[in-house]
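Morning, everyone. Please have a look at the model first.

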Amino acid sequence: MQRHQEWLLGHAGLAGAIERTAYEKWDVPRLAAFTSPDCATEDLALAADLIGFYFLFDDRFDTDLGRAPARVAEVCTRLTALLHGEGPEPGDRTPVERAFADLWERSARGMSARWLARSAYNWEWYFACHPAEAAGRLSGRLPDREGYLALRRGTAAMETLFDMVERLNRFELPQEVLHHPDFRLMRQLAADIPSFTNDVHSYAQELARGDVANLVMIVREERGGTAEEAAAEVMREAQAMVDRFVELSTRAPATYDLLGLAPAAREAAGRYVDGLAAWIVGYHRWEIDTGRYGDLHRHDDNPQPGDGS
């Protein structure tokens, strides 16, 4: 997508040490198109820019910075401040801060104060988890499953992406829908499924650089056996979550009836469920052949993704 390339050029320095040819192999615009299939061209460009930011920001911590929790906390605190109109002035911002300020300003356009408060909280959660991830790398200890999920649900940034389902498609959910137990469960499942499958695809890279927040590693520690067997188990768990998401989504219309939703609210709720499903399906379509994770067969101990979600 030409507009995404122009945005990257306009924010030189965001990519850090990532070469342009390597970045192009990730095919970020394709992921944006898969996961936001119904939005307008301008909004699709915003989706691509956001996804590019997540990847490039995350990859900054693959360096020595990612083993310095206090330095990571400083980086993330400055970014969080931008959400509240605080932080560094435009002339004093780093390339990452300039890129994020642009994305936040574009994301906020036309959205309600309630949506802005929620989205700002979810961005803070995302940023604030990076120092903990850095501390985990420094310790070298595998977290238990509960600890892994608590951290991964922050660093995966999926709640911020699900906020953008509303923004990119230009609607907002009524609060009684957003916080209904079935919708909270669907949102959690839609967040965890890509994280689980991503851990299979990124296992070799994360093993090589000493990351510990990877479910394949944790399952292997829990159960023993080979990395391939652990990966297969992770994929089975992801498929079970897909099945549960489908079950919940099929009963959503009955929930609308019970809540007495007006037609506009029903439409918004249906579009939101479709948006969550698009993330599950679209991310999987993209991750099976993206160049972001390199050659999945290059490591003798690298698990291979199986059938499933």
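**Pockets, cavities and one glutamate**

Helix H7 gives the largest share of the lining of the second largest pocket, four residues. Before I go on, a word on the source. This is a predicted model, where local features need pLDDT of at least 70, side-chain atom pairs count only at pLDDT 80 or more, and totals for chains, interfaces and linings use all residues. Residues are numbered from 1 along each chain as its sequence is written, and side-chain values use heavy atoms, with hydrogens and water left out.

Now the terms. Rolling a probe the size of a water molecule over the atoms shows where empty space is left. We use a 1 Å grid over the protein atoms alone. A cavity is a set of points where a 1.4 Å probe fits but cannot get out; a pocket is an open set with protein on both sides within 12 Å along at least five of seven lines. Lining residues have an atom within 4 Å of a point. A volume is the space filled by probe spheres set on the points, which are joined across faces, edges and corners. Helices are DSSP runs of H or I, at least four residues, numbered from the N terminus.

Back to that second largest pocket. It holds about 260 Å³ of space. Of its 13 lining residues, the closest to its centre are Asn122, Trp125, Glu159, Arg184 and Arg187. H7, H9 and H11 each supply at least two residues of this lining.

Next, the second largest cavity. Its space is about 50 Å³. Among the residues that line it are Trp125, Glu159 and Gln188. H11 gives the most to this lining, with three residues.

So which helix holds glutamate 159? Helix H9, residues 158-169. Is glutamate 159 buried or exposed? Buried, because its relative accessible area is 17%, and buried means under 20%, with exposed over 50% and partly exposed in between (1.4 Å probe, protein chains only).

What does glutamate 159 touch? Leaving out residues up to four places away in sequence, Asn122, Trp125 and Arg187. Contact here means heavy atoms within 4.5 Å. The side chains of glutamate 159 and arginine 187 are also joined by a polar contact of 3.4 Å. That term means a pair of N or O atoms within 3.5 Å; within protein, one must be able to donate a hydrogen and the other to accept it, and residues adjacent in sequence count only if both atoms are side-chain atoms.
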